[in-house]
4 protein chains.
Amino acid sequence: MIPRYSRPEMVAIWSPETKFRIWFEIEAHACDALAKAGVIPERAAQIIWEKAGSATFDVARIDEIERETRHDVIAFLTHLAEIVGPEARFVHQGMTSSDVLDTCLAVQLSRAADILLADLDALLAALKRRAFEHKDTITIGRSHGIHAEPTTFGLKLAQAHAEFERCKCRLEAARADIATCAISGAVGTFANIDPAIEAHVADAMGLTAEPISTQVIPRDRHAMFFATLGVIASSVERLAVEVRHLQRTEVLEAEEYFAPGQKGSSAMPHKRNPVLTENLTGLARMVRGYVTPALENVALWHERDISHSSVERMIGPDATITLDFALHRLTGVIDKLVVYPEAMEANLHRFRGLIHSQRVLLALTQAGVSREDAYRLVQRNAMKVWEQGKDFLDELLADDDVRAHLSEDEIRARFDLGYHTKHVDTIFTRVFGES
Amino acid sequence: MIPRYSRPEMVAIWSPETKFRIWFEIEAHACDALAKAGVIPERAAQIIWEKAGSATFDVARIDEIERETRHDVIAFLTHLAEIVGPEARFVHQGMTSSDVLDTCLAVQLSRAADILLADLDALLAALKRRAFEHKDTITIGRSHGIHAEPTTFGLKLAQAHAEFERCKCRLEAARADIATCAISGAVGTFANIDPAIEAHVADAMGLTAEPISTQVIPRDRHAMFFATLGVIASSVERLAVEVRHLQRTEVLEAEEYFAPGQKGSSAMPHKRNPVLTENLTGLARMVRGYVTPALENVALWHERDISHSSVERMIGPDATITLDFALHRLTGVIDKLVVYPEAMEANLHRFRGLIHSQRVLLALTQAGVSREDAYRLVQRNAMKVWEQGKDFLDELLADDDVRAHLSEDEIRARFDLGYHTKHVDTIFTRVFGES
Amino acid sequence: MIPRYSRPEMVAIWSPETKFRIWFEIEAHACDALAKAGVIPERAAQIIWEKAGSATFDVARIDEIERETRHDVIAFLTHLAEIVGPEARFVHQGMTSSDVLDTCLAVQLSRAADILLADLDALLAALKRRAFEHKDTITIGRSHGIHAEPTTFGLKLAQAHAEFERCKCRLEAARADIATCAISGAVGTFANIDPAIEAHVADAMGLTAEPISTQVIPRDRHAMFFATLGVIASSVERLAVEVRHLQRTEVLEAEEYFAPGQKGSSAMPHKRNPVLTENLTGLARMVRGYVTPALENVALWHERDISHSSVERMIGPDATITLDFALHRLTGVIDKLVVYPEAMEANLHRFRGLIHSQRVLLALTQAGVSREDAYRLVQRNAMKVWEQGKDFLDELLADDDVRAHLSEDEIRARFDLGYHTKHVDTIFTRVFGES
Amino acid sequence: MIPRYSRPEMVAIWSPETKFRIWFEIEAHACDALAKAGVIPERAAQIIWEKAGSATFDVARIDEIERETRHDVIAFLTHLAEIVGPEARFVHQGMTSSDVLDTCLAVQLSRAADILLADLDALLAALKRRAFEHKDTITIGRSHGIHAEPTTFGLKLAQAHAEFERCKCRLEAARADIATCAISGAVGTFANIDPAIEAHVADAMGLTAEPISTQVIPRDRHAMFFATLGVIASSVERLAVEVRHLQRTEVLEAEEYFAPGQKGSSAMPHKRNPVLTENLTGLARMVRGYVTPALENVALWHERDISHSSVERMIGPDATITLDFALHRLTGVIDKLVVYPEAMEANLHRFRGLIHSQRVLLALTQAGVSREDAYRLVQRNAMKVWEQGKDFLDELLADDDVRAHLSEDEIRARFDLGYHTKHVDTIFTRVFGES
């Protein structure tokens, strides 16, 4: 995580202050339940909230204690005792560090997921607005980077909308997967703490109780979470690469918004580079890079080892902060994207009608020509356009073998652009529920 | 994919014969719908089924044609024309290769997912059976590879059961994600083919219609699918590593079944090695290794490029075949696992009562000792057990500071194993719905 | 590995026949050394060569034996005994399976590396030939996909040449890293076999002796090897992506060779798609995907576990065969690449002189204008070209503030293309040692 | 990068202060060369050093300027102009941002590599010291986690020494790979800057001149660098896993040093967990996770895009800081590792002589028994030891079929431990050049 690619709200989730606040809440809620169960005095649970409920925990002091104990939860509990006084001895009864750490991580990842879901909503809104704006903006569809047939720029954005809606569903599932609470003791048997405590804390923290934990919440949950972030990042990259292509000099059908005062190059003042989407391409690589460590974290030894911890201390913040930043940046790119419909149309006509080749092919086969013959007829005229700069319509009209099967009007009818957009409303209705 | 790690049913999904059969079905169903829509003659659609409906496609012949055309779908259509005759010209009307290829891949991946789901069911059944068998088999729980507190072997297996149930849910979601059909033409606009054709084919092939395709079905779907396989593979590794640990010489609480005639080592006849679970560890690495290529496939250029194709030709079979083999092998390992309850009990007592340390700690705090003092009291006795081979109970009974707070009976009560298993039924009910 | 992306010579390295042949050679050379050391009878060593030296090992028979013994080396030795007779008991004396397996893998990987090195040589030759052919073919250099300043097409290829020369050096180092022989027994102590045997076999098989093995050759060697293949694959992707960009419709400065009879699209006969380089992009993803499993193979347990084995059975062939195919394909692409110098020139002039902006900027600063002022002067004229389609030279000549510092001749001199190519020879000499 | 896993010296390399200092040096050295070439006034070059040579650059101010210009190098040059005054206009003449950025990165990575090389030296020294200390400490060698044959603890450490020596060689090669300087202008043609400037700066900064750059130094160099770090991290994991295994309760042959005051568990005071090596396992996952993003960075578009930049801003610090911390931590673990030779010996004898099975097998074959018969004879006695707790020597002496071929003395001789260590000196000499 580096400030350049971070937004404060997500960063705050991962601050030591937030972490200690969540730890406190877990411990204090557990005390409430322990008091209710008669394990500790009710008054003790009250005092803990009274003394520390609105306290600011001293991060530096906790760090200092940890340097001696080399154990972060013990350091926190020691500091909590400094604030709470003798009743602190009732805190953490029958619990183990992982009960606190893993439940805290579940809270942090859930909150992070909530921000990411809001990011996706904002992106979806921008995509929808621009998609409807350009629903009928004709542009060339390309396969292999080669002109294929016409489509509309709105359809491109609608496709992205459908993709990010899927991403949102996946993230909701992933969020549910990691939002569990475990307060089950040293090896998950509840030997020293009743399952009722876990149920209470889960409820209080907005989580569900983990059905079976060992000492830890099983890491397949987190693996699925980070893998899902990797998929979303890949969808970010896809849309970013589309913009990068559209902005390249020879295409120039759309551009990232270029702020007044912005400088594209220290040397070449004319340069307006798609730096935001290039940056998104790189950030996607990073978020994807965190998937494998998360997958490797699953196979902990026996009831747990702590090898996952350093990984999560890093990728917890890094993956969520980076993806939050990327989604926000992408939303801005889409929101302010400068679109050039005239350039789209000019590019579309660059090859003098060649994009209508398939329609002519179909017309020929429907007129009774075998597929193979039709293919050859179309291809030989197409090649003249491609190689000699001829006009496709002119060539077809002048080709006796073609004309033997199709009249001039039948040929000309195949060059109508409206033919390609007749189902745009159908597709928009599929994607947006309206058109 | 190599035969050693393959099972025939899954391999068959990826054979050229299966592929061409699916291609044919897609084309023939599309013809039915085209005929119904009046685009092609009804009789043509019938003839296609009659002539090729039960034909075996000649893979070698198709390959031969492809060597000339360098295009697999065209090669197939050419061969189909050889079988069907003149009506073949009505096949593939308005469609593009990807309509066939991507819908076929959806069918293949769906079928592969069905096998994997059945594999998971078999694994879950084995885990459940062995979990109930060993519900009360006491064993030591370990964190960091170090003895922690008692648990039962059934709980270990119940944990795995819960994990693979999650895997099953994830796979069901991933299957739904890739089970879509696209028959939308060159850039997904349905310019040359009505959406009704897609709807018909989707229904006939057991898929849902892709809401918006470009030329291809968007690859975030496949990325999610393969990422999910990577998560499942990691869970396979987790359970495999558990068995490997249990079988190591010094632990030896369980062993893979060792068949009569099997040889563990060319040099050391006494060796019985956990080779199956070691193998599973390696296979998990492979299935995980396919995740990143699948993620990199998402960002295709514009409406599509074909860079994803070679990746999918390889990881489609490799990932599903390997995971199928791994799940089946793991099921066999669990099913036949030789469990040594006596060894589990012997290991449990290896450190002469030390595993009860936390209970003594809690007893002391409940008797009014501060947490820090209690910790020190327990640790000083624990260290004597650890370093000098003393018995923990004896030491505690002889420690005046301990005895100042706890009676002999109070101390002895903390050494009861039943204390640790009192919630096993609760947890089993959570996991299995019964106990 | 699939036939479509395989070449026979590399496939042959990984056949069972080749493997058993290498196993035999290792065992037979070891017998020679054992006989020389007096451990086994000299005559026994001779008989082994006589009986099996030119035998073809029966793969099906060995597989059959392995199904009973579940151990591949024992199965092979049993089959060898069927061929050799009673003297077979002297084979494998004091050795362990890994001595054979790991040394065999070293031979296979070395041979694979030799093919890959030859592939690189062929690629380098093609790059050199085409680089010199186009040493002076002016083309626009692009950063961010945006026109920057002129370069030559030969320089692009020279860059690739330098990159693949580095790849070759890295592969030579990686080959040296895995070309070691270990004949050191069950845990690498040479307890049952003298180091002299290892020295003899190493020499006979063209390897160096592993300084210290456990039971196995340490897997950091293999990790480095496969990581190196991943780097080379990434360089393949880089050049492939360059070609894909050059071939896209709007750029079209170069094209993959399009064979007569080849069909670009089942629907659109005009399509000529960069399918080879798109394919290379996908293959690069695969070779990169094998890196992480190889890295995960390093941390074997204690003196070894066998989790690496399944990984290597798969990535050994898959990575080398795929990269071999990719390098060969890339060589073909470069060799036959159709280059369009006229298109390069046309694209260069697309923005009416804007590519000379930096030169004008420098001229202004050299004429005493501050950098900031010069930047603003150049940018305001550049923007008129960009946005209003003006000619950059005309605008500059008409800008009084510019003319206050630069004469017409001074301005015109900045539009000379030769200025940009004056160091091409220098760079060629750096790369090729000649120009 | 997080403070918990960072060391100050490595962190300092990546501070903005260091970066701006290096940028300044590159620019100032370039001015020297430009002055010498007569491109700018000699006095200007002097003034730049005089005014800014010992200046502290104001990071906050540069950030402020960047917020307007959105270009970091321009922001720096603007700030430099504030310090230097009018002569600043001679700075950066004919250069492009990447000349500065990439050369700076080369300096940073070289310095980082130097620290890592020193880390490796320290680790190698610790390994050597402990290896010699335990050269003759007998311990059981294990394959598959199962007892195999005796080795010495010194050999285990010698193996690690050899592995990290290879790592050092690889890192030296990787360092050379990234230590290049490019001052070649907008597309690498030296159009606006003479190659002599690059040569001067390269020399002054301790780098070699990049033979051919585009706008950037090609990223295959960096890919190789980070891939190498991933291999080293995997070797770190291997040794860490060895320690984790040795420390597990049932093995307990060695332990991480446990500081007075350290607490192993918040709940279980007896716990002494291998937390450092578990942590190293996790850190290795992270460093490996950075490899793929670095590989994906290679295929930049045309002469460059900037997608690599965000990746490098993150993995540059993250990978080097994490690996530095890990190597340092591992050195500490090895240096202070508590070794228990008595436990090693006790474990060795756990299976009552079974580890000598291979020697008996060999003795039988040398006495004329066929390999298959010998194997069966040994295995049937081994199984009695394994399953019934018998003593291997007793059983063999009582087996008439064995005794038919071997006398009591011949059998007893096979149980000599010295037999296994006779080549330790040979191996030490191979590894350390001495024994």
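Through which surface do the copies, chain D and chain C, meet?

## Basis

This is a predicted model: local features need pLDDT of at least 70, side-chain atom pairs count only at pLDDT 80 or more, and totals for chains, interfaces and linings use all residues. Residues are numbered from 1 along each chain as its sequence is written, while chains are lettered from A and ligands numbered from 1 in the order written.

## Chains C and D

The copies meet through the same surface, because 100% of the interface residues of chain D are also interface residues in chain C. The contact (C-beta atoms, placed from the backbone, within 7 Å) takes 70 residues from chain D and 71 residues from chain C. Helix 9 (220-247) of chain D is one of the contributing elements. Helix 9 of chain D gives the most to this side, with 13 residues. The side of chain D that touches chain C has 28 nonpolar, 25 polar and 17 charged residues. Here Ala, Val, Leu, Ile, Met, Phe, Trp, Tyr, Cys and Pro count as nonpolar, Asp, Glu, Lys and Arg as charged, and the others, Gly among them, as polar. Helices are DSSP runs (H or I, at least four residues), numbered from the N terminus.

## Symmetry

A rotation of 180 degrees, with 0.0 Å of shift along its axis, superposes chain D on chain C (RMSD 0.0 Å). That is the relation of a two-fold axis. D:Ala227 comes closest to the rotation axis of the residues of chain D, at 3.1 Å (C-alpha).

Note on methods
Least-squares fit on C-alpha atoms with pLDDT ≥ 70 in both. Contact = placed C-beta atoms within 7 Å. Helix = DSSP H or I, 4+ residues; strand = E, 2+ residues; numbered from the N terminus.
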